[in-house]
Amino acid sequence: MKKMFMNGEWVAACSGETREIINPYNQEVIATVAEGNEKDATLAIAAAREAFDHGEWSHWPARDRGKKVHDIATLIERDREELAELESLDTGKTVEESRVDMDDIAGVFHYFAEMADKDGGEIIASPIPNATSRVVHEPVGVCGQITPWNYPLLQASWKLAPALAAGNTLVMKPSEITPLTSVKVFELMEEAGVPAGVVNLVLGSGNSVGAKLSASDDVDLISFTGGIETGKRIMQAASSNVKNLALELGGKNPNIIFADADFDTAVDQAMNAVFFHAGQICSAGTRLIVEESMHDDFVRELVKRVKNIKLGSGFDEATQMGPLISKEHLAKVVDYVENGKKEGATVAVGGEKPDDPELQHGFFYLPTVLTNCTTDMSVVQDEGFGPVITVETFATEEEAIHLANDSIYGLAGGVFTNDIAKAQRCVVKMRMGTVWINDVNLYFPQAPWGGFKQSGIGRELGKTGLEEYQETKHIFRNLKPEPANWF
Ligand SMILES: NC(=O)c1ccc[n+]([C@@H]2O[C@H](COP(=O)([O-])OP(=O)(O)OC[C@H]3O[C@@H](n4cnc5c(N)ncnc54)[C@H](O)[C@@H]3O)[C@@H](O)[C@H]2O)c1
Ligand SMILES: C[N+](C)(C)CC=O
C-alpha cells in the first residue's frame, strides 16, 4: 500500500481506510493507497506549521534552498522513465506525452532553484529625510496545495518548486484518482534531504482533505488547480482566515483561423490543440472559429485527418490518443455531445464511443468534430474536457474577436494568420492569460500561466510564480531618532 508523508514519516490513514487506483485503459487495479480524511489533514497541517514556525527551512540561505530544489530536479531526471510510465498507467495518456511532461517538470524545479537566491530585495527612495526604506520578500508560511488528475505531477511541480524555493512549508493533496507520481516525488524529496515537516502529502478526497486544507486557520495560502465549481467552494472556505489564494481553473479556449493562415499548419495545430490527452487539458483549443470563406475546405481536411487518429493503450507506440480518465467522466462527455446534437450541432466525425472490441474495457470516446455550432450552445460555452471540437464561422475580424471573447473563461486562445498586424490587433483584444500566434498549447517555466475572468486568480510559473509564494515586507529605518512631540 502507498502511504502518506507527514513530518518526515510514511504513514497509513488514521482510519486505516484505503482506496484502489484504476487504470483507465482497462479498469485494472494498479495500486492501493491510503485514504486520508480531515484528521490526517489536521496532523499534516500541524507538522507543516511546526516546521515553519520553529524549524530552520525558511531561514536557510536561499542559495542552499535552491541547491535542494536542484537536487530534486536531478532525481526526477534520474527516474524519468519510471515516473513517465507511472503517470501513463494512472492517467491513460501516452508514455511519449508523459516523457515530455517529466522533462517539463524537471525544468520547472531547475528554474525555481535558479531563482531562489536571485532576489536581493529593493531599496526605495525614501521621501522622509534621514531614513532608509527597503523592500524584502519573505515566505508566506504554510501552503495548502490541491491538484487535479489531468497533469498530476506537472501541476504539482508548478506548486512544489516555487513554494520550496521561497522557503515555505506545505501540505499537498493530489487528485484522489491519480496520486501515484505525487507519492513518488515525495519519496524523491525525502531522498534529496528536504527537512522533516517541510513537505507533507495527504491522500484522500476533496470534500474531506481538500476542504480541511482550504478552511484551516493554520494554513496561510491555498493554491488550487481544478474545476471552476470547486474553485468557488475553495475561495469561500479560504475566507475563514483571509488566506492568500491562487486559483488555476478551467478554460474554453478559442482558436481563430483566418483564411490567409498556412492551411496545413492550421489544420494540424487545430488537432494538436484538442486531441492530446483526449482533450483533457485546461488550455485545449476546443473552440474553432474559422473564416467563412475557408470553412468547407478546412472542415473537410480536418475530418479526413481526425478519422485516422489511432486510439489505444498509452504503452503502445502506435497509439495517438488514450482513454478518458474515468467511467464518470466518460458519461459526462457522452452527455455533453448529446446535448450539443439536441441544440443543433452536426456531428462531422466521431460523436460516440468506439466500437472496436479492443477498446471496450477502457473509457474511450472517439475524437469528435461538431459543425454548425453557434455561441449560444452549451457545447460552445461549457468546458467538456474531452476530445471534442466545435466549429463556428466568422465574416470579419471584429466578429472573430467578439466570438472568441464571448465566454466566462479567459485561460488561453490562438490566432492563425500570416498577417502579423492582424494577429497583433487580435492579441490586444483577446481577454485571455495566454495567446498563441500560429501555435497552440505551449507553456514553459519562464512564462507566467493563468487565466483572465473565471479561469482563475494569480499566475503560476515565471517570476510571478515565485511571487505567489512570497509576502512583501517594507522595512523603514529612522537614522536620526528623536521625539516627534505631537502629544
Ligand atoms: N488552469 C490550469 O492551469 C488548469 C490545469 C489543469 C487542470 N485544470 C482544470 O481542472 C479541471 C479538471 O480537474 P479535476 O476534475 O480534478 O478538478 P476538480 O475540481 O474536480 O478537482 C481538483 C482537485 O480538487 C479537489 N477537490 C474537490 N472538491 C474539493 C473541495 N470541496 N475542497 C477542496 N478540494 C476539493 C479534488 O479532490 C482534486 O484534488 C478542469 O476544469 C481543468 O480545466 C486547470
Ligand atoms: C497547464 N497545462 C496546459 C499544463 C495543463 C492544463 O490542463
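Student: Which helix gives the largest share of the shell around ligand 1?
Tutor: Bear in mind that this is a predicted model: local features need pLDDT of at least 70, side-chain atom pairs count only at pLDDT 80 or more, and totals for chains, interfaces and linings use all residues. Residues are numbered from 1 along each chain as its sequence is written, while chains are lettered from A and ligands numbered from 1 in the order in which they are written. Helix H7 (206–215) and helix H8 (228–238) each bring at least two residues to this shell (a helix is a DSSP run of H or I, at least four residues, a strand one of E, at least two, both numbered from the N terminus). The largest share, 5 residues, belongs to H7.

Student: How many residues surround ligand 1?
Tutor: To count, a residue needs its C-beta atom, placed from the backbone, within 6 Å of the ligand. Pro148, Gly206, Gly210, Gly226 and Thr230 come closest. At least three residues come from each of domain 1 (4–249 + 455–474) and domain 2 (254–437), with bounds from an automatic or database domain assignment. The whole shell comes to 32 residues.

Student: And how many residues of domain 2 are in contact with domain 1?
Tutor: The two domain centres, taken over C-alpha atoms, sit 31 Å apart. Contact here has a cut-off: C-beta atoms, placed from the backbone, within 7 Å. Domain 1 puts in 15 residues, and on the domain 2 side the number is 20.

Student: Why does the length of helix H9 make sense?
Tutor: H9 runs over residues 263–275, which is 13 residues. The expected span is 1.5 Å times one less than the number of residues, so it should be 18 Å. That agrees with the distance between its end C-alpha atoms, 18 Å.

Student: Which residue just after H9 has a positive phi?
Tutor: Inside H9, the buried residues (20 or more other C-beta atoms within 10 Å; exposed means 12 or fewer, partly exposed in between) include Ala266, Val267 and Phe275. The buried residues of H9 pack against strands S12, S13, S16 and S18 and helix H10. Just past the helix, a phi of about 45 degrees is taken by His277.

Student: How many residues make up the largest nonpolar core?
Tutor: A nonpolar core joins buried Ala, Val, Leu, Ile, Met, Phe, Trp, Tyr and Cys through C-beta atoms within 7 Å. Val69 and Phe109 are among its members with the most contacts inside it, and Val69 touches Phe109 and Phe112, among others. The total for this core is 81 residues.

Notes:
Contact = placed C-beta atoms within 7 Å. Lists of a residue's contacts leave out its neighbours within four places in sequence.
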